Every structure is written in C-alpha cells, then in structure tokens.
Amino acid sequence: MAQNLQKKPSKGILKTSRSVDGQDGMPSTSKRPKEQRFDEMNIMETFHPPNKDYGHMKVDEPKTPYSEAMDSDMETNDELDANILAAKLAASMNKPPKCVEMSDNEEDEPEDVRQRRLEFEKKRKTHYNEFQALQLARQLLAQEEEDEAERDQATST
C-alpha cells in the first residue's frame, strides 16, 4: 500500500470546470482573477418583460385659476412696438419717480386721521432717538461726578 501512495494518477478524478479550462479544453496555467459575467439580455427578459405593466399611471392635474391664467398668457403674443415704448419713456422722463410722489391717499385723508398719524410719527421719532438719549445720559453722569467731586473737596477742607 505504501507504494500506491507515492504514485501520482495520470488523470484527476475531479471534473475540470470551464472557468479553469483554457480555450482548448486543457487547464489554463495562468492565474486570472475570477470575473463575474452577467447575461444582461436574460435579466431584461426575466425581470422586465415587455408586456408587463408596473402600475405607473399618468395623473392629470386639475385646472386651477393660476394654470388657466398662464395658458392665456402663453396664447397672447404681444410684441413691443419700439415707437410706442420710446414715447412712453419720453413722457415718463418729465415725471418724478413714484416713490417720491405724494400718494393720493394722504391728500384724501380726513383731518383727524392725518393729525393722529402725525402725532404717532412724532412719538416714534422721540422714542427711537437713542443717540440723543445716550448723550444726555453721559452729560448727566458727568455732572453728577463733578458735583460729587465738589462735595468731596468741600467736606475735606
């Protein structure tokens, strides 16, 4: 039996796999990394058959006033006329900007409403006049310090 252990078989008992075999059916001697290959067409046919419905459906959005306005704006095809635009620009050059103009609302206000608004603006200006309040506070503190210094000199003499 010891003799049989030292002998090498002429052919292996395991079947050779195709990944190990070379192109001619003989085992390849080069050591290539194993690669995975997918049959993509088979996957497409198996998992995505052409007649299969996945339940996707198109939802038509309801009409809204905004979408109707947008549709009507798209339909109108107004073109600018250069002469009309130049005339409007020339007419507006003589007018002051709208932000500087007095609004019509202020002129049409009743007298009592105008008076209350003016009083409110005056109170607001005095309330938010922090800079002058800070200067006044500094002056008062400086006067108090001078008064205390004078008292200290008067009491010490």
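Mentor: Happy to. The accessible surface of the protein comes to about 17000 Å², and carbon and sulfur atoms account for 55% of that; such areas come from the Shrake-Rupley method with a 1.4 Å probe, and for residues only the protein chains shown count as cover. This is a predicted model, in which local features need pLDDT of at least 70 and side-chain atom pairs count only at pLDDT 80 or more, while totals for chains, interfaces and linings use all residues. Residues are numbered from 1 along each chain as its sequence is written, and side-chain values use heavy atoms, with hydrogens and water left out.

Of the 157 residues, 1% are buried (buried is under 20% relative accessible area, exposed over 50%, partly exposed in between, with a 1.4 Å probe and protein chains only). The protein has 7 helices and 0 strands; these are DSSP runs, of H or I with at least four residues for helices and of E with at least two for strands, numbered from the N terminus.

Now to the patches, which are built from residues with over 30% relative accessible area and no salt bridge, joining like charges within 9 Å and nonpolar side chains (Val, Leu, Ile, Met, Phe, Trp, Tyr) within 5 Å. Phe-38, Ile-43 and Phe-47 make a nonpolar patch with about 350 Å² of accessible area together. Phe-38 sits in the loop between helix H1 (2-6) and helix H2 (40-47), and its relative accessible area of 60% makes it exposed.

A patch of negative charge gathers residues including Glu-144, Glu-145 and Asp-152. Glu-145 belongs to helix H7 (residues 130-156) and is exposed, at 59% relative accessibility.

Charges also pair here: the structure holds 2 salt bridges (a side-chain nitrogen of Lys or Arg within 4 Å of a carboxyl oxygen of Asp or Glu). In one, Glu-35 pairs with Arg-37, the closest N and O atoms being 3.4 Å apart, and both residues are exposed. In the other, Glu-121 pairs with Arg-117 at 3.3 Å between the closest N and O atoms. Those two are about one helical turn apart because they lie 4 residues from each other in helix H6 (residues 111-127). Glu-121 is partly exposed at 27%, and Arg-117 is partly exposed at 26%.

Confidence is highest in H7, at a mean of 91, and lowest in helix H5 (residues 104-108), at 61.

Terms used. Lys and Arg count as positive and Asp and Glu as negative; His and the chain ends are not counted. The place of a charge is taken as NZ of Lys, CZ of Arg, CG of Asp or CD of Glu. pLDDT is the predictor's confidence in each residue, from 0 to 100.
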